[in-house]
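Please read them with the structure open.

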Amino acid sequence: QLTPSSLLRIGQLSNVDLNEDIHELETELPRQRPNEIPHNEKLLSLKYESLDYDNSENQLFLEEERRINHAAFRTVEIKRWVICAMIGILTGLVACFIDIVVESLAGLKYRVVKDNIDKFTAKGGLSFSLLLWATLNASVVMVGSVIVAFIEPVAAGSGIPQIKCYLNGVKIPHVVRLKTLVIKVCGVILSVVGGLAVGKEGPMIHSGSVIAAGISQGRSTSLKRDFKIFEYFRRDTEKRDFVSAGAAAGVSAAFGAPVGGVLFSLEEGASFWNQFLTWRIFFASMISTFTLNSVLSVYHGNAWDLSSPGLINFGRFDSEKMGYTIQEIPIFIFMGVVGGILGALFNALNYWLTMFRIRYIHRPCLQVVEAMLVAAVTATVGFVMIYCSRDCQPIQGSSVAYPLQLFCADGEYNSMATAFFNTPEKSVVNLFHDPPGSYNPMTLGMFTLMYFFLACWTYGLTVSAGVFIPSLLIGAAWGRLFGISLSYLTKGSIWADPGKYALMGAAAQLGGIVRMTLSLTVIMMEATGNVTYGFPIMLVLMTAKIVGDYFVEGLYDMHIQLQSVPFLHWEAPVTSHSLTAREVMSTPVTCLRRIERVGTVVDILSDTSSNHNGFPVVESNPDTTQVAGLRGLILRSQLIVLLKHKVFVERANLNLVQRRLKLKDFRDAYPRFPPIQSIHVSQDERECMIDLSEFMNPSPYTVPQEASLPRVFKLFRALGLRHLVVVDNRNEVVGMVTRKDLARYRLGKEGLEELSLAQT
């Protein structure tokens with residue numbers, strides 16, 4: 001295993017004197033792991049492959065499609081609906097499981113700590129309580145972090161950036177595996193119970209996507225089980241549509257917002273969209289919310305009442321109490337500006353922190369230590385804030401789950417404790433709905449300040465955790481503070497109800513951090529169960545997005561960029577009309593002839609330096625008069641299946657009892673095609689010929705080399721291509737456009753910039 005720095009050295013061999021470089025390599029290799037990984041955000045990584053959204057219309061495919069009659073197509077359509085229903089049901093059940101386990105474990109933890117604090121307040125020695133709280137937190141988070149860091153690192157974070165990339169067409173390794181789902185669910189339970197500043201909503205989206213990918217394939221590669229159902233859907237096109245349904249079901253299970261889920265999938269995820277898909281995705285979302293509802297209402301003991309829609313329920317906002325007047329609209333817009341600025345600050349801090357983590361904290365053991373440190377610090381900060389706070393409120397008439405008395409008089413509780421000594425979800429609801437006067441402005445100010453930095457430090461740790469709820473909590477705290485100060489200024493006028501401003505602040509803060517507009521508006525409206533606030537929430541989110549985008553990009557886009565993923569945005573960069581396909585494409589292209597020697601194919605596939613995935617097929621007889629025009633395109637995965645089944649021309653002539661390859665053979669090998677190294681080809685077989693005509697895609701998409709970059713980009717992005725062949729006017733192959741060639745160009749501060757490609 002070479003370190004990246006030594007790889008860079010090897011890359012520079014060509015222009016350095018060889019002897020001294022070999023000497024350098026010898027000194028470099030014994031230190032296996034460097035202390036610092038050089039990381040540059042102006043790179044695009046080559047380790048990510050593209051998904052094939054475009055079906056390969058070869059002869060096998062066309063024959064199969066012609067064989068399917070109308071009735072069979074109808075069964076396929078019914079299967080799609082069945083899969084969507086199963087996705088909804090399972091996502092809802094996973095959400096229930098997370099919710100119930102978190103509630104019982106966190107309740108247990110808070111009861112233990114509360115009894116301990118009550119005991120020691122009476123007789124002194126509160127430092128023991130602090131130790132107990134910090135140790136509990138750190139040990140729980142340690143388990144949650146160990147499983148992520150050592151078993152499945154993809155499960156870290158909220159998983160939304162990864163799903164965004166997957167739906168954009170980038171194959172992120174292990175992102176939709178069963179193992180990832182298990183680690184994700186356990187990890188998110190442990191990190192929420194461990195008292196970190198995280199929410200359990202983001203990971204639901206990832207979990208839903210994994211469930212969708214698993215069900216739609218009808219088998220599990222992790223468990224080595226094949227259920228022989230849904231075989232028709234074993235290709236990227238279908239799988240990706242189901243994953244977008246899974247993501248939507250995850251959102252709607254998390255927030256009880258089915259429409260918001262569909263819009264999230266549309267806004268953040270899917271690059272491809274049609275009307276049937278919308279309706280199926282909505283169906284999956286509705287089923288998932290309904291499942292969550294029914295199971296949770298049975299669990300809470302009122303079996304026929306379906307009123308607890310999502311994992312986070314902001315409670316009902318009554319229209320009578322909570323109307324808004326025309327003169328408040330400028331105030332809401334101002335709150336949007338504040339949210340945008342704070343969100344941009346959050347993202348900038350998190351950016352530097354993530355760069356530091358990539359460079360220095362890249363070993364699993366260090367990552368676990370950091371997570372434990374954050375957990376202990378979070379507990380300590382919470383304890384110190386509660387200890388120093390003198391903000392006492394009367395207990396009767398308040399709905400506090402774990403009222404801590406500390407140094408308050410009998411019958412009163414410490415109101416700082418309602419914010420810190422609770423799961424973040426409950427704290428958000430308290431901030432929205434506690435009656436005016438429940439919080440001291442000082443309490444809210446200190447809480448906002450501390451929680452802002454804690455949440456910023458927590459996002460990007462090696463634990464499964466979302467950023468939705470912490471952002472809502474920060475925003476709700478400063479929004480409520482804003483509302484209180486308004487009512488001071490207006491001498492307690494009736495319209496300054498702090499709960500309403502808490503809601504707007506929460507929307508502004510979340511919008512400023514993640515920069516979602518459409519889906520977030522609808523999610524907030526559905527979660528509060530009130531349409532009255534649609535317009536102000538939309539205004540706040542738009543303002544927050546405009547202001548935030550002026551400084552830095554959104555949190556998810558930033559993390560995608562930090563991982564050097566070749567992500568394609570909706571449009572090509574604005575100023576890129578001057579570039580043509582000839583300047584963008586990769587050359588030279590490795591072409592295959594239509595009837596090719598097996599040895600040549602094996603050598604091309606084994607060549608690690610090129611590692612191409614698509615090969616244009618040209619006319620085979622190299623006659624001088626005839627132009628070697630483009631005849632088709634064949635993929636690496638198809639060639640590997642052909643070699644594995646030894647489909648050679650000579651064998652066909654021997655009239656052996658050899659069945660023709662069917663599409664089923666290609667589907668059974670999907671999605672993990674064996675590497676070329678595992679396929680054994682003997683010396684005699686290398687001399688055989690292989691006929692590619694019925695396996696290649698005879699009608700690949702091509703562009704002339706004069707096409708401008710935006711035009712190429714539009715074609716590539718809208719059809720979800722993986723390879724786009726560039727031809728000259730005689731239909732000869734001159735180059736190939738892949739995802740990396742297009743993602744290299746993006747708008748920087750000074751205009752159009754070109755990123756370099758890196759192996760790491």
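1. Start with Arg593: this residue stands opposite Val618 in β10. The two strands concerned, β8 and β10 (residues 614-618), pair in the parallel sense over two bridges. Strands here are DSSP runs of E with at least two residues, helices are runs of H or I with at least four residues, and both are numbered from the N terminus. Pairing requires at least two DSSP bridges between two strands.

2. A word on the basis. This is a predicted model, in which local features need pLDDT of at least 70, side-chain atom pairs count only at pLDDT 80 or more, and totals for chains, interfaces and linings use all residues. Residues are numbered from 1 along each chain as its sequence is written, and side-chain values use heavy atoms, with hydrogens and water left out.

3. The sheet around β10 is open and mixed in pairing, with the order β8-β10-β11. β8 (592-593) and β11 (630-635) each have a single partner strand, so one side of each lacks a neighbour in the sheet.

4. Helix α24 (residues 636-644) lies across β8, β10 and β11, at about 75 degrees to β11. Angles run from 0 to 180 degrees between N-to-C directions, with axes fitted to C-alpha atoms, for helices over the stretch in contact.

5. Another open sheet has three strands in the order β13-β14-β15, again with mixed pairing. Its edge strands are β13 (702-704) and β15 (733-738). Neighbouring strands of this sheet are turned by 30 degrees on average, direction ignored.

6. Helix α28 (residues 709-719) packs on that sheet and touches β13, β14 and β15. Contact means heavy atoms within 4.5 Å. The direction of α28 makes about 145 degrees with that of β14.

7. β13 and β14 (residues 723-727) run parallel, joined by three bridges. Pro704 has Val727 in β14 as its bridge partner.
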